[in-house]
Amino acid sequence: VEITMKWLTNFQNLSRGEEYSDKEIRYEIMNVRKELSKIEIMKELPYEKWLDEYENELKGKNLKKTGVHGDFQSRNILIDHEKKQANVIDWDWRFQEQGNPLYDYVWLATNIMMFSNNPIVEFFKNFEKTDGVMKNVMLIKNTMENNLHVELDFVKLQIFLIMRFITIRVKDEDEGYMTYVRILQKISKKYNM
């Protein structure tokens, strides 16, 4: 994770651009809201509240756009342990030259929390612990905050990214989105969010 964070920090610093404006954040949220409203099962969840919380979390934070891999997760990161460097693969249609600088950090953290044959159980097992995988999640969070010079509620960011990913999966007609819906259902129920 340290090697990966070094790569991501360098990638973002080399691609840092103009401010990610509140207007662009609202536009992003509007698109996710529109897509979620078409998914029947999402109507059972407080996604409107979560979108508002995400917007409030980012408001006035002065984030700068960066390059975004878009599917930054373990399977797309190859580590050369001898050279202590990361090689990132699978630069597909999700890549953005200038986009939301939070995505790659939060998506990597969320995916390593789900890395097992039972991703829902694994996510919550890790969600409630402070050791093991969560040490890596905290390293990712701290690297993100240090690199972007901002302090944010990581759980609110994760909820937003999960909702955004659900909309992508639904558009792709991929039934795998239900795993993510179940995670949100459990978050809502267990933590009264």
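Axes here are lines fitted to C-alpha atoms, for helices over the stretch in contact, and angles run from 0 to 180 degrees between N-to-C directions. This is a predicted model, in which local features need pLDDT of at least 70, side-chain atom pairs count only at pLDDT 80 or more, and totals for chains, interfaces and linings use all residues. Residues are numbered from 1 along each chain as its sequence is written, and side-chain values use heavy atoms, with hydrogens and water left out.

**View 1. Helices α4 and α7 cross at roughly 85 degrees.** Helices (H or I, at least four residues) and strands (E, at least two) are DSSP runs, numbered from the N terminus. The axes of α4 and α7 come within 10 Å, and the two helices are therefore roughly perpendicular to each other (angles under 35 degrees count as roughly parallel, over 145 as roughly antiparallel, 65 to 115 as roughly perpendicular and the rest as oblique). Contact, meaning heavy atoms within 4.5 Å, is made on the α4 side by Tyr103, Tyr105, Val106, Trp107, Ala109 and Thr110, and residues including Phe154, Leu157, Phe160 and Arg164 take part from α7. These contact residues divide into eleven nonpolar, two polar and one charged, where Ala, Val, Leu, Ile, Met, Phe, Trp, Tyr, Cys and Pro count as nonpolar, Asp, Glu, Lys and Arg as charged, and the others, Gly among them, as polar.

**View 2. The largest cavity is lined in part by α4 and α7.** On a 1 Å grid over the protein atoms alone, a cavity is a set of points where a 1.4 Å probe fits but cannot get out, a pocket is an open set with protein on both sides within 12 Å along at least five of seven lines, and lining residues have an atom within 4 Å of a point. A search of the whole structure finds one cavity of 30 Å³ or more, and the volume of the largest cavity is about 80 Å³ (grid points are joined across faces, edges and corners, and a volume is the space filled by probe spheres set on the points). Among its lining residues are Gly70, Asp71, Arg94, Tyr103, Trp107 and Phe165, and α7 gives the most to this lining, with four residues. By class, the lining has five nonpolar, one polar and four charged residues.

**View 3. The largest pocket receives the most lining residues from α2.** This pocket has a volume of about 480 Å³ and is lined by 20 residues, of which Glu28, Asn31, Val32, Tyr103 and Arg164 lie nearest its centre. Helix α2 (22-36) supplies seven residues, while β4 (96-99) and α7 each supply at least two. The lining divides into six nonpolar, six polar and eight charged residues.

**View 4. The second largest pocket has a volume of about 290 Å³.** Its lining consists of 18 residues, with Gln73, Arg75, Asn111, Arg169 and Tyr180 nearest the centre, and the elements that give two or more residues are α4 and α7. By class, this lining has eight nonpolar, four polar and six charged residues.

**View 5. Helices α1 (residues 2-15) and α6 (residues 133-148) pack at an angle of about 25 degrees.** Their axes are 11 Å apart, and the angle makes α1 roughly parallel to α6. The contact is made by Glu2, Met5, Thr9, Gln12 and Asn13 of α1 together with Leu139, Ile140, Thr143, Asn147 and Leu148 of α6, and these residues divide into four nonpolar, five polar and one charged.
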